[in-house]
Amino acid sequence: MTDKQILINIKVVDFQSLDEIYRDLVEKAKLQTSISYAPYSQFNVGAAVLLENGQVVCGNNQENAASPSGLCAERVAMFYANSQYPDVKPVAIAIAAKNKDGFLPNPISPCGGCRQSLLETENRYKSPIVTLLYGTKEIFVIDRISHLLPLAFSQEYL
Ligand code: THU
């Protein structure tokens with residue numbers, strides 16, 4: 001038997017130490033939480049995608065009475081970016097979430113389905129997407145989506 005270890009590097013930073021472009025992206029993700037449609041969970045998530053031309057595409061979670069028909073903020077934002085600007089690669093995504101008590105102290109962790117979808121985009125454009133996960137106590141910066149989904153299923157298997 002052999003053991004394999006997978007190392008994931010996460011930078012833990014505070015808001016002030018981020019570059020201005022990332023601070024702006026985080027602010028936009030936070031703003032999105034106030035216009036999300038989450039009447040069932042009261043859990044409001046916002047996402048902001050930075051494209052390589054500097055444009056920012058935003059989204060937020062959209063729930064549904066038939067719960068599987070809703071969609072997470074990350075996919076709303078990234079699918080919109082990919083569908084409307086297919087020739088412009090996304091270079092970063094910021095994600096923020098709040099519940100009834102306000103923004104979460106710990107960085108929000110994207111769900112598995114979102115990680116898989118974001119990875120598809122990273123692979124599609126063959127370029128890393130920096131992920132910023134916002135929390136009031138600290139912010140996680142991850143250099144590429146693939147680090148969020150070790151042993152991912154991808155087109156290589158098809
Ligand atoms: N949600 C997101 O928008 N992104 C995530 O990464 C995790 C969960 C949404 C889905 C649902 O509307 C609510 O948060 C509670 O799960």
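These legends go with close-up views of a predicted model.

Residue numbers start from 1 along each chain as its sequence is written. Local features need pLDDT of at least 70, side-chain atom pairs count only at pLDDT 80 or more, and totals for chains, interfaces and linings use all residues, while side-chain values use heavy atoms, with hydrogens and water left out.

View A. Aromatic rings pair up here if their centres lie within 6.5 Å, taking Phe, Tyr and the six-membered ring of Trp; planes under 30 degrees apart are stacked, over 60 edge-to-face, and the rest tilted. That rule gives two aromatic pairs. The partners come from distant parts of the chain, 31 residues apart: Phe-103 belongs to strand β5 (residues 102–103), and Tyr-134 to the loop between β6 (130–133) and β7 (139–142). Strands (E, at least two residues) and helices (H or I, at least four) are DSSP runs, numbered from the N terminus. Tyr-134 is buried at 9% relative accessible area, whereas Phe-103 is partly exposed at 26%. For these words, buried is under 20% relative accessible area, exposed is over 50%, and partly exposed is in between (1.4 Å probe, protein chains only). Phe-103 also has Lys-30 over its face, 5.1 Å from the ring centre; that call needs NZ of Lys or CZ of Arg within 6 Å of the centre and within 35 degrees of the ring normal.

**View B. Phe-153 and Tyr-157 are stacked.** Their ring centres are 5.3 Å apart and the planes make an angle of 15°, so the pair counts as stacked. Phe-153 is partly exposed at 47%, and Tyr-157 is exposed at 57%.

**View C. Helix α2 has buried residues covered by other elements.** The helix covers residues 73–84, twelve in total, and reaches 17 Å from first to last C-alpha, close to the expected 16 Å. That expected span is 1.5 Å times one less than the number of residues. Among its buried residues are Ala-73, Arg-75, Met-78 and Asn-82. Their cover includes β2 (44–51), β3 (56–60), β4 (90–99) and α3 (112–125), with contact meaning heavy atoms within 4.5 Å.

**View D. Residues around the ligand include Phe-43, Glu-63, Ala-73 and Cys-111.** A side-chain N or O atom of Glu-63 is 2.5 Å from a ligand oxygen.

Conventions
Near = heavy atom within 4 Å. Polar contact = N/O pair within 3.5 Å; in protein donor to acceptor, adjacent residues only side chain to side chain.
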